[in-house]
Structures are given as C-alpha cells and as structure tokens.
Amino acid sequence: MFGKLTINDIPIHEPIIMYTIFIVFILFLITIFSITYFKKWKWLWNEYLISLDHKKIGIMYIIMAIIMFIRGFIDALMMRTQQTIVSSGKPGFLTSNHYNQIFTAHGVIMIFFMAMPFIIGFMNLIIPLQIGARDLAFPFLNSLSFWLFFVSTLLINISLGIGEFAQTGWLAYPPLSNKQYSPGVGVDYWIWSLQISGIGTLLTGINFIVTILKMRAPGMSLMKMPIFTWTTLCSNILIVLSFPILTVTILLLTLDRYLNTHFFTNDMGGNIMMYINLIWAWGHPEVYILMLPAFGIFSEITATFSKKKLFGYKSLVLATISITILSFMVWLHHFFTMGAGANVNSFFGITTMIIAIPTGVKIFNWIFTMYKGNIKYNSAMLWTIGFIVSFSIGGMSGVLLSVPGADFYLHNSLFLIAHFHNVIIGGVVFGCFAGITYWFPKFFGFKLNEKWGIRAFWYWIFGLFIAFLPLYALGFMGMTRRLSQNINLNFHTLLTISTIGTIIILIGIICQVIQFYVSIHNKKKNLDITGDPWNGRTLEWFTSSPPKIYNFAIIPKVKNIDAFWDIKNKKLNYKNKEYKSIKIPNNSCIGLIISIFTLIFGFSMVWYIWWLSIICIISIILILIIKSFNIIEHYEISNDNIIKNEREFLKAGKYDK
Ligand SMILES: [Cu+2]
C-alpha cells in the first residue's frame, strides 16, 4: 500500500535529528498559534499566499531563503566543529553517515534553496518597478513557480525526518549516486526536489525574459536599462539555456535508479564522466545565474551612495554579456583531473582565465564610480566594499585553480572549498545582504537600523577571512574535502581557527537578527523615505514606499539611464496627466493547489507509492486543463483612488513643485 515506506524510516535512533525535528515542530506550532492568535489567517491568505503580485511573491521567496540560510549555516557549524574535535584526536559527535548527509545537505540547501530563491526574490521585487511595469508578463505563472519552489524545499527537508538525506555530495556524482552504492531514498529525494524546483526556475526564467524584453516603459531602450535589469536579463537567459541540461541529466540518473538503464553506470556501456560533464555544463552557468544579479545590486548601490553616475555603463553591459557567453565555455575546470589531456585542459584553463577579464572590468568600474564620489559609508556601501575585497581575493584563487597543473594538486582539497566560499559568500551572500539593506525601505517604508547593520558587516567580513583563509593553507598542506573521521592531527590548529571564524560569522548573523528586531520595534522613527537621499537613481524609487499594487499610476516616459534621477532633478515634467483606472489580476490559489499535488507526487515517487503518483499526475493535468479554460479575472482600481494615492505620493516626494 505505502510502497517502501515503513515506520522504521523515521530515524528515531539519531538523537541529533530527532531533537532538530522536535525544535522545528515547536517553531511550527508557535507560528500557527501566533497567526491564529493575531487573527491573521485571512490577511496572510489574501495578501500573500494566493497573491499574484510580484512584490508579495518576492517577499515570500526571500523569507524562504532566509529560513534555509539558517538551516544551511547550522550544517556548516556542525561540520566545522566535527573536524576541529576529530583533528584533536578525540572521537567526533557525528557518524560518517550523518556527516555525509550534512555536507550534501549544506551544498544542496545553500545553492538551490537559499541562494536561488534569494536572487529570484530580488528579481521579483525590483524588475517590474525598475523597468516601469505593473507586474511580470505572466503573474499566474509567477505564483505557480514560487509554489513549486516552496514544495520542493519542503520535500528536500522532509528527508531529514522520513528516510535520509543523500550522502553523495551536492551534485550526486555517479557511481556513488547509483542504486548499487546509494540504495536508500536520499538520492531519490534529491532527484525529485531538484526536478520540481528546476521546473519552477525554468518557468521563472521565461517569465523574466519576456517581461524585460516586452514590458519596459516607453523610451527605455535596451541601452537605457538599469544594470540590475541587464544582469537579471542575462541571468535568466542562463537559466533558460542551462536548466534544461540539469533536468535531462537528472532524468537519465532517475532512469538508471528506477528502470536499471545504464547511462551513468560503471558497466554495460555506462559513462560516469558524461554525467559529470553534463552536470557542470549546467553547474558553472549556475554560479553566474547567482552572481550576475548580485553584480547588478552592487552597481545600483555604488552609484546611489557615491552620488555619481555609474562609471562605464556600456563596458559594464558588455562585461555582463561576455560573462554570460563565456560561462558556457569553462565547465571542464571542475574536473581537470578527468584526464582529458593537456590540449583540452589548456583550452578550458584559458577560457577560465579569460572570464576573469570582464569580472575585473566590473570591479574597476565600481572603483572608478566611487573615485571622487561623495561616498556615504552606510552598511549597504560597506557590504559592497567588503564584496570588492573578498571577491577579488576569491577570484585570484580561482585563476590559480584554472591552471591545470596547479589544479591537479589542489583539486578537491580545502583550497577549493576556501575558493568557492570566498567568492559565493563574498559575492552572492554579501550581495543579498546589501540588497536587503538598500531596498528594504522601499517595500516596508522604513530603513533598517544602521548601527546593527554595520556591526553585522564587520563580524561577517572578519569571520569570512578567519574561517576561510586557513582552509587555503590546509589545501596546500594536502587536506581533502569532506573528511569527518581520522583527520591528521597537524591540521588541528588551522581547523580550530576556521571554526572560530565561523563563530564570528554567527555573531554577525545574531547582529542581523537584532537589526531586524530593533528596526521593526522603532520603525516609527524612520518612516517615509520618499525624497530621502537613500533614494537611488532608477525607476523603482519613483513609487511610494511600499509601492501600490499597481506600482505606477502612470507609466513614466524614460529619456536616460537614470530615469528617476531625471524626474528628481525636474528633467522630466510629470504634471497634469490624465489618470485612468487600472486593471489588476485577481488572486488565485490554483498555483498552490497544483504544487500540493506535485509535492505528494514527489514524495510518492521517492517511496514507490505508484498509485498515489498516478492520482497526482492525473489531478495536475486535469487542473491545468480546467485552468486553461478559465482566464484569470481582473478587478479594477478606480482612478479616484489612484488620484488620491498619487497626490499623497507626489506631495511627499515634492515631485509636484
Ligand atoms: Cu566553474
């Protein structure tokens, strides 16, 4: 009846896991109770859960990303602690099975379920506002994409309490991920969670490309688009080109596991290296799917808080485009040791070095924007400067790794771990923190507390270097990744320093939690940022804070790159316009319902409950057919209402003078 699923699949013998489940359950109960107590269910349902509004969907993505960040960070703390204890000669507190699950979970969660939703969350919040649109091209599709992402996050985390997490590393390399070596359900949870979130991401990619190419304000030609919009466009082009590779590769692995085919097996003509080539043909573009929008965030912040036009707009756009193209030509640097031969390795080594050039161009453009600027060293700017320093160091260690000869020695050592954490934390994570600090006031109407923001930054930047610089040295000393038992005692000192660094980062995170608490607690003090110098140069700032559901009463005409700067400096007349009523799509829960069936489908596929999988597939198809006959209804916002809002906004911003 229930396929492979039995009561024994709940890991009651693993105390750490059971405690975690208990704590998560308590937190869940507290959340449910508080929503009920404050009578917020109706509000939550209408304002967020079934909303098709890009702003609300963006906020939900970012909340999910923050929760997953905490989960992923706890995994990191456990790994660091285990290695420090074991390298002192004492037995650790984690078994190797559990440790393997933890490092796999850390990688999977941080990339697919933290960094991706964080970045997609910012795209959702900002892009329609920055290009002068009222929403994305396909609001319903956007809601469906979010809920598919949401249920895939649930599915991958359910594996914590029912069954097991994969023990293969975050990319499930075969033959370890084949049925023979991973007979448990961990890899199957990995397969179905990534397939479901992958489909959601692909739909998001299509949605943003259409929105940016078709829904820009009049006058906003491609070379007048803000840099964040450019980087988002390129990132979504990478999504649409690379995610199908991931989907097909995982599908072939699924066939090997479920139907005993031999695409990636050791025998019967299977080819393991084909999996590794395919997964990195997606994997390397993936790092730029995450990095490019972060570059966009830093560009906006640098110009705003240097009070200067962005230096070298055109070269920044060209650098973004060239990185997008080059990111498909470097994948083999992830496994120079495959033995493809000197010719192949040198080709991929050189292309990898070349990708450092457009990245360097960007760094110089940001520095030249700051040069002779009237720089405001607030926390958003500090995250940006911290990024430039840490990303440059991480980038240079990347260039070292791109030399095949050096990589033969450093491949899969802690040097590699230090390198990609250096660039991903210094780049993507700092980018997200800078983005939250910069755009939070736009969506909540008040600024985050600067004092705690700056404290958080200093703990983070010192923690980052104290945690990862020792790992560069350990890599040279020959320590390889993913070790959890019998670690060489010579590595103990540096591993301990690295753990101290991780704890300093933890203090930085605590500062960020306090920052949110203090800001919300004192929000009255710094209300209404309209007209405040915190406002940037691009169109998203030409809206009230938070923006109305229709974003713009009238879509502004754009003449230059910094469209809002023009308006602010009266270069654009904005008076005596005729206000029309605006149509907004009704809320819809269909995306949520389809995703619930998708979650049950994924779970039933993991546990071989075939009858349930069939029922779910039929239900999803039926709902999609019914949906395709019912177009989304719209409701109208009257122009009286709009005029009233507009007067308040123009007055507050002094744009009507
Ligand atoms: Cu790469």
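Predicted model: local features only at pLDDT ≥ 70, side-chain atom pairs only at ≥ 80, totals over all residues.
Which backbone oxygen does the side chain of Thr384 reach?

View 1. Thr384 belongs to helix H11, which covers residues 379-401, and its side chain reaches the backbone oxygen of Ala380 at 2.9 Å. Because buried means under 20% relative accessible area, Thr384, at 1% relative accessibility, counts as buried. When neighbours within four places in sequence are left aside, the residues in contact with Thr384 are Phe298, Ile301, Thr302 and Ala434.

View 2. His284 lies in helix H8 (residues 272-306), while His333 lies in the loop between helix H9 (313-326) and helix H10 (342-370), so the pair ties together parts that are 49 residues apart in sequence. Both His284 and His333 are buried.

**View 3. Helix H3 and its start.** Helix H3 runs through residues 54-86, and its 33 residues reach 48 Å from the first C-alpha to the last, which is close to the 48 Å expected at 1.5 Å a residue. The helix is mostly covered, with 25 of the 33 residues of H3 buried. At the start of H3, a side-chain oxygen of Asp53 comes to within 3.0 Å of the backbone nitrogen of Lys55.

How values were computed. Residues numbered from 1 in each chain as written. Heavy atoms only, no water. Helix = DSSP H or I, 4+ residues; strand = E, 2+ residues; numbered from the N terminus. Expected span 1.5 Å × (residues − 1). Buried < 20%, exposed > 50% of the residue type's maximum accessible area, 1.4 Å probe, protein only. Polar contact = N/O pair within 3.5 Å; in protein donor to acceptor, adjacent residues only side chain to side chain. Contact = heavy atoms within 4.5 Å.
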